[in-house]
Every structure is written in structure tokens, then in C-alpha cells.
Amino acid sequence: MDNFFKDTPDFKFHLENPIVEKIIKLKERNFIESESYDYAPINHEDAIDSYEKVLNIVGDICAKTISANAESVDIEGPKIKNNEVVYAKGTSENYNALHKAGLIGMSLPRKYGGLNFPLLPYVIAGEMIARADAGFANIWGLQDCAETIHEFGSEEQKDKYLPRFNRDGITAAMVLTEPDAGSDLQAVKLTATFDEKENVWKLNGVKRFITNGDADIALVLARSEENTADARGLSMYIYDRKHRAVEVRHLEKKLGIKGSPTCELVFKDAPAELVGNERFGLIKYVMALMNSARLGVGAQSVGIADAAYREALKYAEERAQFGKEIINFPAVYEMLTNMKVRLDALRSLLYETTGFVDISKVYEEVKRERSLAKEERMEMKKYLRLAGVFTPLIKLVASEASNTIAYDSLQIHGGTGFMKDFPIERIYRDARITSIYEGTTQLQAVAAIKGVTTGIFLDQIKQYDSEVLEENDVLKYKLHAMTVLYEKIYKKVELIDNTDYLDFHSRRLVEMAGNIIMGYLLIINSQRDESFKRSAKLFINLVSSENQEKYDYINNFDLEDLELYKLKEPKIS
Amino acid sequence: MRPLRIIVLAKQVPDTRNVGTDAMKPDGTVNRGKLPTIFNPDDLHALELALNIKDRIPGTEVIVLTMGPQRAADIIREGYYRGADKGIMISDRRFGGADTLATSYTLVKGIKKLAPFDLILGGRQAIDGDTAQVGPQCAEKLNIPQVTYVEEVISFTDNQIIAKRRLEKGVETVSSAFPCLMTVHESSPVCRSRIAKRVMKYKYARTKTELKSRSTDENLLLLHDKRPYLTIPEWGVEDIDAEMSKIGLAGSPTKVKSVESIVLTSDESKVLSDSDTDIEMMIKELIENHTIG
């Protein structure tokens with residue numbers, strides 16, 4: 001079956017999540033646009049059917065074009081020619097195929113030529129594309145920038161830039177990082193000065209590690225307020241490549257995702273338009289952009305994990321040693337099954353999170369058109385809170401797991417996997433970046449720990465618990481026991497009341513909560529679809545021992561032990 | 001360049017590339033019910049060529065014409081999904097059992113009803129019959145020039161089209177006056193993918209018969225009332241003014257005597273030159289071993 005959508009029934013399952021009905025109703029404003037657009041859905045079933053049919057196109061292009069090009073793109077990579085980034089041949093083919101099929105600007109409103117899809121089918125598309133070629137998924141995923149312009153840009157900017165996505169297939173870039181401003185974006189130095197004579201903003205300075213930096217349009221974070229050094233002096237701008245005022249100085253040579261150009265850019269009096277208000281660049285707009293990008297990396301990680309799993313399975317079924325296929329050896333089938341079990345858990349968390357983000361985003365959209373009723377406001381608040389902690393959670397767990405799954409897949413390939421002969425060595429290299437960019441795992445823990453400290457995770461765990469049917473009591477009790485451990489150990493951390501101590505254990509605490517949440521999601525999914533039963537049982541077994549280990553570690557760890565870890569007194573620069 | 005009016009001949013065929021064990025009935029005929037149906041691969045190349053010309057000459061109209069049972073309406077929908085402007089179904093039980101002669105007669109009747117046209121494109125051959133006869137027969141019956149094995153359309157003027165033909169040992173560039181018929185070779189570019197908005201727009205396209213025969217829900221009928229373009233035109237014997245003696249089984253001189261499953265045991269081959277002696281020798285051999293005659 002040469003179609004990435006058809007060969008993964010889970011996608012259809014997640015599209016049928018009960019929350020989707022509410023999302024579609026809000027997103028389609030009760031299907032009013034079917035009167036004015038011949039491709040708008042007339043009801044819920046019609047909308048779902050359209051998502052499936054369009055995802056079928058994506059799945060087809062993934063199988064026949066993008067994955068077929070992945071190897072040559074990895075070898076060829078992009079180049080700089082006459083100060084322009086030239087994609088590898090396969091990259092251009094991939095992007096053209098998606099553009100010609102009308103898939104760019106999937107989530108943009110119809111009046112801008114978009115498909116007005118909710119986030120859910122868009123994230124599914126992102127996952128499939130990452131499975132086909134993780135590096136290419138970045139170029140695809142940067143259409144998130146259109147979403148940011150739609151959310152914060154002026155009407156004039158929206159009319160000017162948004163129609164170009166679907167119609168012309170323009171590409172985009174988020175231009176944030178600088179040599180001295182990586183994780184700490186408050187340190188951004190690139191300047192934006194208003195040229196009174198020309199009545200335009202001008203950008204000057206250097207940006208580094210910019211994915212797809214030579215895109216048609218770029219969202220640039222720049223310092224607009226002189227003599228400031230923090231986040232409040234930063235604003236966001238749209239730069240259009242037609243001005244030709246940016247030098248692409250260098251393309252990075254990378255370990256993985258080689259098809260995705262990573263640029264060093266020099267802005268030289270580059271004319272740009274301010275997005276929204278001055279000073280809100282980082283604190284509001286980039287934060288929103290980063291959140292979509294983090295969800296995107298979550299999807300990318302799951303896609304990579306799926307690709308790695310399939311490669312391992314295929315190899316283990318074909319490779320014979322000691323007179324039988326290696327899939328028959330316990331050491332091998334344990335690895336394979338655990339990969340699949342984790343994949344199911346990650347995907348469940350990914351689409352659960354997507355649902356939360358989707359519904360809060362669509363409420364924000366509706367809010368710009370009319371005032372929300374009281375229940376709607378409450379609901380929006382609830383989902384915003386959930387999205388705020390689930391997004392870093394999925395980014396953290398999915399990116400880490402995609403690395404271990406790629407590791408195990410390569411292991412199953414044995415010596416062959418270490419050679420360039422099979423796709424797994426590329427997948428293994430591609431996975432590595434996911435736990436680094438758009439905020440490292442360590443920074444995701446800092447964001448997700450709020451879910452632990454404010455009790456959002458625990459409340460949601462209780463909500464899930466109430467949805468578990470009696471037939472699943474045995475698994476539920478195991479999760480109860482895990483929840484008790486989690487609560488107990490967090491109490492201890494809370495009592496110690498020391499920021500460094502909390503930071504030290506934050507990843508462990510977040511992962512404990514994540515494991516419980518994924519366990520519940522698998523049980524709840526198994527109540528709609530029996531095929532999740534095995535994964536639910538095995539996953540809960542797997543992570544209950546993991547959580548026990550984390551519990552023991554924190555439990556035996558006193559505040560004083562922290563001192564033993566410190567290598568140096570911090571030198572504040 | 002003036003816009004062209006292009007008719008693409010397309011056929012729904014059993015997917016002979018994915019044949020299971022029950023693909024043939026015990027009597028040696030194709031078990032059509034057991035085979036999934038697809039858009040004949042070469043015809044998809046023809047559709048791509050038509051759409052490519054449409055990209056190059058704005059205003060060009062691409063019409064997909066198919067003949068077959070009701071389920072062949074999938075061909076028309078597929079055409080819409082990929083960019084065709086219009087689709088016509090020739091469907092009537094009385095057309096059933098047609099060989100290439102009856103098929104080309106029927107198609108030509110349909111084409112004449114669609115006239116005027118500039119260009120007719122079809123695949124080189126279908127993967128079920130593999131005759132490659134229907135295209136050329138249509139051209140003969142329409143009395144227009146034909147260019148077979150087309151790989152690429154290089155250029156056109158108001159009166160002339162220049163195309164590249166893919167031959168066994170090279171390529172040949174030929175020109176033809178309009179109107180003409182071309183059969184398209186599989187070495188031409190593969191067909192573009194379905195287009196998201198068009199899939200959503202045309203997914204409810206149905207023939208009148210489909211609307212009647214299915215347990216059609218009320219909404220679909222209402223939608224067809226509101227959006228007339230969703231109703232696929234459907235032509236029967238009377239619509240195209242066909243003579244009964246020239247269609248279906250009655251119009252088909254080809255009679256299948258038997259079908260055998262041949263398993264090739266040796267892979268030796270003979271290369272013959274195009275000299276008269278070689279050809280004579282081959283014909284003699286074929287008559288002797290009863291392959292022909």
C-alpha cells in the first residue's frame with residue numbers, strides 16, 4: 001500500500017476523536033461557508049470526509065515522492081548560488097508536488113485561499129511528511145508563520161501575504177536565533193530602526209541557525225527599542241525576500257536533516273514591516289509561533305519514530321540468523337514491541353495535545369469576530385491552560401523517544417544499520433535534532449513543570465480516570481498506584497521548597513506525569529478501538545517500573561546532595 | 001496561441017498489476033469482480049499531457065470521455081480531481097461486450113457530439129486488452145491525422161502541433177495539423193496528483209443513474225439541485241445516435257475462441273531485421289505453429 005495515510009489506520013482513529021466535533025463546528029461557524037465556497041463542508045461528516053480525502057493526497061505524495069527523494073536529498077543537500085539558497089532537486093520536487101496539490105496554507109481561512117482545516121489534519125500531514133523525510137518536514141512546517149501573520153498581522157498584511165501561500169506556494173522562515181541568543185532569545189541584538197524619511201523599518205544584524213533562512217517571507221525578531229537588553233525591547237517584523245537586502249553568508253554542515261537549509265543571514269538595511277505592536281515581539285508573537293513549532297516538532301518526532309519502527313520491523317522479518325528470522329528472538333521482538341507500544345502512546349498524546357491547542361486556537365479566532373459566551377470563555381481558558389503544558393510535554397517525550405526508537409531500530413539492523421546502505425542511519429541522524437531545536441528537552445521541562453506545580457496534570461489525570469470503564473479496572477488500579485507515587489514525590493519536592501531542587505528533578509516529574517497520562521490515553525483509546533488494548537497493557541507495565549525508579553531516585557535525594565553535583569559557582573556575565 | 005479544446009479518452013481497467021489468485025475464472029476469462037479497478041495508466045499520462053497543454057495555453061478546455069459501466073464514473077471524478085473541466089460518461093448496457101471496433105465506433109459517435117475539438121488524446125494502450133487499436137481506429141473513423149507514442153508536446157501554433165514520439169530506438173519529432181489524435185506513451189511525465197480543493201469540490205459528482213441506483217440520501221440530491229456541475233452527463237445509445245448493429249456484441253467481429261494461461265519456460269529471443277525475407281520467414285513460422293491463421 002503506497003500511501004502513508006492509508007497504511008496508518010491510527011490517523012483515521014484520531015480524526016474521529018469526540019473533541020473533533022466541537023472543533024469543526026467552531027472552525028466552520030456552523031458550516032456557513034458552504035454557501036459561498038464550493039469546497040467548504042456542508043456538515044460534520046462532510047468535513048471529516050474532506051480531511052480524509054485530502055490527507056490521502058498527502059499520504060500519496062509522501063509515499064511516492066517525498067520518501068522516494070529522501071536519500072538523494074540527504075546526499076545532495078542545499079547550496080548557495082549567487083546569494084540564494086538552492087534546494088536539492090528532490091526538495092524542490094517535494095515542495096512543488098505539495099504546492100500543486102493545493103496543500104500549502106492548509107489551516108488558513110478560505111478567503112486567503114486556504115483550506116480552513118483545523119490543526120488536527122495539519123499535524124497528521126506533518127507527521128506523515130516527517131516519516132517520509134524529517135528534514136523536509138521543516139520546510140513544510142514553516143507555513144506555521146502564515147498562521148502567526150493571520151493571528152497578529154494587520155488586515156492589510158493578511159491580504160498582502162496570506163494569499164501567496166496557497167496560490168504561489170511561497171515558503172517561510174522564523175528568524176529568531178543569533179550567535180549569542182539561542183535558548184535565551186531575550187539577548188537578541190539585530191536592530192530594527194524606523195527610517196523616518198522612507199517611512200519604513202530597517203533591519204540590521206546577523207542571524208544564525210535559521211532553518212530555511214532564504215524563504216520568500218521571513219518573520220524576524222529584532223530589537224526595536226534602543227538601549228534595552230531584555231525581552232521587552234523586541235518586536236517582530238515581516239521581511240519579504242523580493243527586497244534582496246539579506247546576505248546568505250553560510251550554510252551549516254549538519255549531522256542530520258541535511259535537506260533543510262540552515263542559514264547564517266546578514267541583514268543590511270533590510271526593509272521590513274512591523275507585526276502587531278512594538279515590544280510584543282518575543283513575549284507574545286514568538287511565544288505563539290514557538291508553541292506551534294513545538295507541536296510541529298512533536299509530530300516530526302512521532303513521524304521519525306514511526307519510520308524507524310517500520311524499518312526495524314521490515315529488517316527483522318527478512319533477516320535470518322541461526323536458521324530463523326531474527327524477529328523470532330525474544331531480545332529482538334521485545335525491542336520491536338516496545339517501539340510500537342511507545343509509538344502508540346506518543347501518537348495518542350500528540351493528537352490529544354493537538355485537540356487542546358486546536359480548540360483554544362479556534363476560540364481565539366471566534367473571539368476576534370464576536371464576544372464569547374461565558375461557558376465558551378471558561379472552556380477556552382481551560383484548553384489554553386492544558387495546551388500550555390501539554391505542548392512542551394509532547395515535545396519533550398516525543399523527541400526523546402524518537403531518539404531511543406531510532407537507536408533501537410539501528411541496533412536491530414546490526415552492523416548493516418551502521419553502514420549507509422539502509423535508511424535507518426539517516427533516520428537515526430535526523431532524530432537527533434528533535435530534542436534540541438525549538439527549545440531543548442531541558443527547556444521543555446522548565447515549561448512543562450508548570451503542569452506539575454499548578455496541578456493541571458493531576459486534574460487532567462483525574463478527568464481521564466473518570467472516563468475509564470469498569471472492564472479496565474486492573475489497568476486503572478496500576479495507574480492509581482502510579483498516581484499515588486507521583487503525588488507523594490511531588491509533595492516532597494514541594495515541601496523542600498527550593499528552586500534548584502525543583503529544577504533538578506523537573507524532567508523526572510514531568511516524565512512521571514507524562515507516563516501516567518499516556519497510560520490513561522491508551523486505555524481510553526482501547527475503549528473505542530480494541531487494537532489499543534495490547535499497547536495499553538504493555539505500556540503501563542513498562543512505565544510503572546520507570547516511574548518507580550524515578551520515585552526512588554527523588555525519594556533518596558536530599559537537598560544537600562545537590563551541592564555534590566555542582567561543579568562550579570555560576571559566573572554571571 | 002488560441003485556446004484548444006482537448007478530449008481525453010480514458011478507460012477504467014482491472015488492475016492487472018495487482019493480480020491475486022482468483023483473478024481468472026476457471027474458463028480462462030477475467031474475473032472482473034475480483035479485481036480492483038483503476039484509471040488505465042497510459043490514459044493518466046494522456047490526461048497529464050492535456051493538463052500540461054492547459055497550463056501552457058490559458059483558456060484551454062480539457063474534457064474526459066469514458067465508456068463503461070456505471071462504476072467507470074470514477075474515471076470522470078478522477079479527471080475532475082486532477083484538473084479536467086468536464087467529464088462525459090458513455091454508458092448503456094447495450095454497449096456491453098464491445099471489441100475495439102465497436103468501442104472506437106461508439107467513442108467516435110461521442111466525440112462527434114462534442115465537436116468541434118482540436119486535439120484528442122488517449123493512452124497508447126489499455127492494460128487489460130493491450131491492443132493499442134482504439135486510438136488509431138478513432139482517428140481513422142474521424143478522418144484526422146494521428147500521432148502515436150507521443151512523449152512530449154514541444155510546441156504549437158494556431159494551426160499546427162509539434163510532438164516528440166518515443167520509438168524503440170530513439171525519438172522522432174513530427175508535426176501535425178489540427179485537429180488530430182495522439183496516443184501517449186508511458187515515458188511521458190506521470191500524471192499530477194489530485195488537487196485538494198478540487199477533490200472537496202467534486203467528491204459528490206455522480207451520474208444520474210448513480211444518484212438513482214444508490215441508497216442516495218436526501219442531502220446529496222439537494223446538493224445536485226443546487227450545484228448542477230456535480231451531475232456527470234451520461235450518454236446512452238440514443239444520445240449519440242448510434243446504430244445498434246455497430247455497437248456492443250453485435251458490432252464486434254472479434255470473437256474470443258479461448259484464453260489460455262501461458263507460462264513462458266524459456267527466455268530465448270530472436271532478432272529479425274525488417275527485410276522482406278525475415279518477415280516472410282517469421283509469418284511462415286507463425287502459421288506453421290498455429291499462432292496465426
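The dialogue below goes from overall size to domains, chain contact, a helix and the sheets.

User: What should I know before reading the numbers?

Analyst: This is a predicted model, in which local features need pLDDT of at least 70, side-chain atom pairs count only at pLDDT 80 or more, and totals for chains, interfaces and linings use all residues. Residues are numbered from 1 along each chain as its sequence is written, while chains are lettered from A and ligands numbered from 1 in the order in which they are written.

User: Which domains make up chain A, and how do I describe a contact between two of them?

Analyst: Domain bounds come from an automatic or database domain assignment. Here they give domain 1 (9-166 + 283-435), domain 2 (172-279) and domain 3 (446-563) of chain A. The C-alpha centres of domain 1 and domain 2 of chain A are 26 Å apart. Residues are in contact if their C-beta atoms, placed from the backbone, lie within 7 Å; 35 residues from domain 1 of chain A and 29 residues from domain 2 of chain A take part.

User: What is the residue make-up of the domain 1 side in chain A?

Analyst: Ala, Val, Leu, Ile, Met, Phe, Trp, Tyr, Cys and Pro count as nonpolar, Asp, Glu, Lys and Arg as charged, and the others, Gly among them, as polar. The side of domain 1 of chain A that touches domain 2 of chain A has 20 nonpolar, nine polar and six charged residues.

User: How many residues join the two chains?

Analyst: Contact involves 11 residues of chain B and 14 residues of chain A. On the chain B side, four are nonpolar, one is polar and six are charged.

User: How do I read burial, and is α6(A) enclosed or open?

Analyst: A residue is buried if 20 or more other C-beta atoms lie within 10 Å of its own, exposed if 12 or fewer, and partly exposed in between, with C-beta atoms placed from the backbone. By that count 50% of the 573 residues of chain A are buried. Helices (H or I, at least four residues) and strands (E, at least two) are DSSP runs, numbered from the N terminus. In α6(A), eight of the eight residues are buried, so this helix is largely enclosed by the rest of the structure. Among them are Phe136(A), Ile139(A) and Trp140(A).

User: What about the sheet in chain B?

Analyst: Two strands pair if DSSP finds at least two bridges between them. Nine strands of chain B form an open sheet of mixed pairing, in the order β9-β8-β7-β10-β6-β1-β4-β5-β13. The edge strands, β9 (170-177) and β13 (234-235) of chain B, each pair on one side only. β4 (61-67) and β5 (86-90) of chain B are parallel, with five bridges.

User: Which strands pair with β5(A)?

Analyst: β4 (191-195) of chain A runs antiparallel to β5 (200-211) of chain A, with five bridges; Asp195(A) has Val200(A) as its bridge partner. Four residues lie between these strands in the hairpin, where Asn199(A) takes a positive phi near 55°. β5(A) also pairs with β9 (262-275) of chain A, antiparallel over eight bridges, and Lys207(A) stands opposite Leu265(A) in β9(A).
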